[in-house]
Amino acid sequence: MEALFVHEAGPEGAPAVVFLHGAGLAGWSFRPQVTALRAELRCLVPDLPEHGKSRAEGPFSIQDAASRVADLIRARYPLIYLVSWEEQRLDAILADVAQNHGKSLLTWSVTRGLSWLNLAALGGE
């Protein structure tokens, strides 16, 4: 398993933001947001398996993507912010990461507002 392609921008040591694209897209879809935030935040923009510059990495699965995103985060930052276009896909990836590391997950969504992700309903604790 090769590492995912990750575009990084912004000052080393700044708070980190991880941008997760939706199906059929790639990290390029966050170019305007990265341009706006890179002066103050460390922006990490991975291309998920079978997308963009990680196209050869696959096949795509939520569990594999979650593991790779967790490895990316763990290797670099203790605290991060995540941004995604797809709520259900992001919820599945984050729920898997949280379950595997015994963490709670607080989410915010334009459509749902602020809420605790119910890990019990997803087969977690």
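Helices (H or I, at least four residues) and strands (E, at least two) are DSSP runs, numbered from the N terminus. On that basis the chain has three helices and six strands, arranged along the sequence as β-β-α-β-α-β-α-β-β. The model is predicted, so local features need pLDDT of at least 70 and side-chain atom pairs count only at pLDDT 80 or more, whereas totals for chains, interfaces and linings use all residues. Residue numbers start from 1 along each chain as its sequence is written, and side-chain values use heavy atoms, with hydrogens and water left out.

Burial is expressed by relative accessible area: buried means under 20%, exposed over 50%, and partly exposed in between (1.4 Å probe, protein chains only). Of the 125 residues in the chain, 40% are buried.

For S2, five of the five residues are buried, so this strand is largely enclosed by the rest of the structure. Ala 16, Val 18 and Leu 20 point one way from S2, while Val 17 and Phe 19 point the other way. S3 is likewise mostly covered, with five of its five residues buried. From S3, Arg 42, Leu 44 and Pro 46 point one way and Cys 43 and Val 45 the other.

Two strands pair if DSSP finds at least two bridges between them. S2 and S3 run parallel and are joined by three bridges; in this pairing Val 18 stands opposite Leu 44 of S3. S1 and S3 pair in the antiparallel sense over four bridges, and the bridge partner of Val 6 in S3 is Pro 46.

## The aromatic pair

Rings of Phe, Tyr and Trp (its six-membered ring) pair if their centres lie within 6.5 Å; planes under 30 degrees apart count as stacked, over 60 as edge-to-face and the rest as tilted. The structure holds one aromatic pair. Phe 19 and Phe 30 form this tilted pair, at 5.0 Å centre to centre and with 45° between the planes. Phe 19 belongs to strand S2 (residues 16-20) and Phe 30 to the loop between S2 and H1, so the pair ties together parts that are eleven residues apart in sequence. Both Phe 19 and Phe 30 are buried.

| Side chain | Partner | Distance |
|---|---|---|
| Asp 64 | side chain of Arg 68 | 2.9 Å |

His 21 is located in the loop between S2 and H1 and counts as buried because its relative accessibility is 1%. Asp 64 is in helix H2; with a relative accessible area of 18%, Asp 64 is buried as well.

## The loop between S3 and H2

Leu 48 lies in the loop between strand S3 (42-46) and helix H2 (62-76). Leu 48 is buried, because its relative accessible area is 1%. Leu 48 and Leu 4 are 44 residues apart in sequence but 6.7 Å apart in space, C-alpha to C-alpha.

Most residues other than glycine have a negative phi, and most peptide bonds are trans. Glu 50, in the loop between S3 and H2, has a positive phi of about 70° although it is not a glycine. At 36% relative accessibility, Glu 50 counts as partly exposed. Gly 58 and Pro 59 are joined by a cis peptide bond, with omega about 5°; Pro 59 is in the loop between S3 and H2.

## The second largest pocket

On a 1 Å grid over the protein atoms alone, a pocket is an open set of points where a 1.4 Å probe fits, with protein on both sides within 12 Å along at least five of seven lines; lining residues have an atom within 4 Å of a point. Grid points are joined across faces, edges and corners, and a volume is the space filled by probe spheres set on the points.

The second largest pocket has a volume of about 260 Å³. Its lining comprises 15 residues, of which Phe 5, His 7, Gly 27, Trp 28 and Arg 31 are the closest to the pocket centre. Strand S1 (6-9) and helix H1 (31-37) are the elements that give two or more residues to this lining, and H1 gives the most, with three residues.

Terms used
A polar contact is a pair of N or O atoms within 3.5 Å; within protein, one must be able to donate a hydrogen and the other to accept it, and residues adjacent in sequence count only if both atoms are side-chain atoms.
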